[in-house]
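Here is a short briefing on a structure. Look at the picture and the sequence, then read the points below.

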Amino acid sequence: MPLGAGSDKSAAGDRRPSPAPSARPGRIPWLWLASLAVYAFLYVPLAVVVLFSFNDSLLNAQWVGFTTRWYDKLLHDEALLGAAANSVLIALTSASIATVLGTMAGITMQRWPVGVLRALPGLVLTPVAMPEILLGVSLLIFFRQVLDLTLGLFSILIAHISFSIGFVAIIVRARLAGMDESIFEAARDLGASPWRTFRHITLPLILPGIIAGFLMSFTLSIDDFVITFFVAGVGVSTLPLQIYSMIKVAVSPEVNAVSTLLMALTLTLITLASRLAPDLLRRSA
Amino acid sequence: MPILELRRITRCFGPLKAADDVSLSIEAGEFFTLLGPSGCGKTTLLRMIAGFDEPDAGELLLDGRPLSGIPPEKRPVHTVFQSYALFPHMSVAQNVAFPLRMAGKPEAEIRRLLAETLELVHLSDKARHFPHELSGGQKQRVALARGLINKPRLLLLDEPLGALDAKLREQMERELVALQREVGITFVFVTHSQQEALALSQRIAVMNEGRVEQVGSPEQIYRIPRNRFVADFIGTINLLPVEVLAATHGRLHLRVAGLGEIIAVPPGESALPVAGEHGHFALRPEQLRVSTHGEVRELHNHFSGTLRDTLYRGDVTVYKVELDNGVMLEALLTNSAPLRAKSFAPGDAVTVGWRHDSGVFLHD
């Protein structure tokens, strides 16, 4: 995950004591080489995709010259644009709903009194840990056999909401966990009703977590393939599904172009989210 | 009519009785302290007064009206929390004005009261600062200002000085007393520190295991503790096991096991024990005199012993004396005369004595 680079750096910055001089990578050449190899392994494939999206050749084999015609072609690919529109629509809607539900779950998880039911709000976290393929299959069976739902945008939406709630809840709870509980009591004590305490104290304090949760959900939704693949049914496509169907024919430079755009969007959102909630993503990762 | 009345309050957490049949009356304008070791139930009482908890049995009356069922935000009672509980996303001015905003006061009045209150706690120049930019003492003052600004009937203070260092604490103690006199609001203060309680309060309720052991002025509590718990908890005290030989004409004749007889004139307020009763005679270290010379022998109550240990504290020296029956006494002498601390050394034979009117008899 590209996120690793950013959070690693900040962790080194504020947690770890500075290493002894002899351990600094500058002094040991092979440590430099190993580091380079790791980063190459992580980023060269991505760089190749970006590079060939500007390559003036149908083949992903050698560099011919710079062009933006693949991007131009994208803008006229009806199927791809339709899939992209679906993806954005689903991502926005599912992230919005998951953010509201996940925030409520996160707050409840933090505030729930000790007791038998303590584990209950934590159950929204299960989809976070569940293998995607399992989630996909179980949702498919549930939609078809139990609800007898026609698969399509609506079923994709529900699936995306269900796996996003947990992420939002984790982020919001982590934000609350670092806070002095007595400030919420202080607000009540000083004349604020429970609703006004939420409005004036809780909400402003957890807002960065909520926004980070929304960006996380949006990102998860827009590039989800496995679960969407199971619950999409026929006739409805999202961007990842469309890209997959395109490479079944051949890896055209158009796929490189759309991947580059998707990558840029995802990276931007993840960076924003980690800025808003630096400690949280590290904890949930 | 008392401003706050607690009538037979009981509150249990499982098998633990945090409040056990507690009855208290707090008068308007008073600086009242709940004092006790941690876990004695004083914070539970405070939370019930604030409205964060409800008693299992008993009744709380504020200005004669029952408080039960009234949520915290509807009670004219504000709290200064131990952690200060300042809102981190609000400036000092926003924090302090918060109760007024919640009460829906007009903007002009908010501005006027805010300026007044910040002046009162010497924070006018910090209005735009945020809590994380303030020192501990300043945070403390913000919390106080925020609790006072909407003129509550009661201000509850939950160990508010606990997080401050010793010097700052003493300064804040003075400010707190001055502030309370100035605003005239009834303070209910919770602490486990007996020095704080003695220095600040008009009246103290000493609590232990959910019960109120004694209520009285700092002097009453210190001078005439009602039982061994209070005597032990407030300051240092020497306890001699005694048996009552006779109690007549306001004088007690007591036998100290293994030593002999002493005479005590108990303070007027306490009830006289009866002959044959066993108990402890309690003496404060500063009531004892220690000498190697004859002067102490003029006191009727005196015993010989051996000096075991001295502890020089600058202003005072603490002496540990072992009496001939093996009982250890602690005596505290001020070092007003130069080099006085050097006049005794461990191993010296000394005489310990005290006046008739020093010390109290405690029932077992």
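Predicted model: local features only at pLDDT ≥ 70, side-chain atom pairs only at ≥ 80, totals over all residues.

Residues are numbered from 1 along each chain as its sequence is written, while chains are lettered from A and ligands numbered from 1 in the order in which they are written. Helices (H or I, at least four residues) and strands (E, at least two) are DSSP runs, numbered from the N terminus.

**Helix α3 of chain B**

- Helix α3 of chain B has 14 residues (107-120), and at 1.5 Å a residue these should span 20 Å, which agrees with the 20 Å between its end C-alpha atoms. The expected span is 1.5 Å times one less than the number of residues.
- B:Leu114, B:Thr117 and B:Leu118 are buried in α3(B). A residue is buried if 20 or more other C-beta atoms lie within 10 Å of its own, exposed if 12 or fewer, and partly exposed in between, with C-beta atoms placed from the backbone.
- An α-helix has 3.6 residues a turn, so residues three or four places apart point the same way.
- On the other side of α3(B), the exposed residues include B:Ala108, B:Glu109 and B:Arg112.
- The cover over the buried residues of α3(B) includes α2 (92-102) and α4 (136-148) of chain B.
- B:His122, with a positive phi near 55°, follows α3(B).

**A sheet in chain B**

- An open sheet of 5 strands in chain B has the order β15-β19-β16-β17-β18, with antiparallel pairing. Two strands pair if DSSP finds at least two bridges between them.
- β15 (289-291) and β18 (328-334) of chain B are the edge strands, each pairing on one side only.
- Strands β16 (residues 301-312) and β19 (residues 349-354) of chain B run antiparallel and are joined by 6 bridges.
- B:Thr306 is opposite B:Ala349 in β19(B).

**Where the chains touch**

- 16 residues of chain B are in contact with 15 residues of chain A. Contact means C-beta atoms, placed from the backbone, within 7 Å.
- On the side of chain B that touches chain A, α2(B) gives the most, with 3 residues.

**A residue in chain A**

- A:Leu261 is in helix α12 (residues 253-276) of chain A.
- A:Leu261 is partly exposed, with 15 other C-beta atoms within 10 Å.

Notes:
Contact = placed C-beta atoms within 7 Å.
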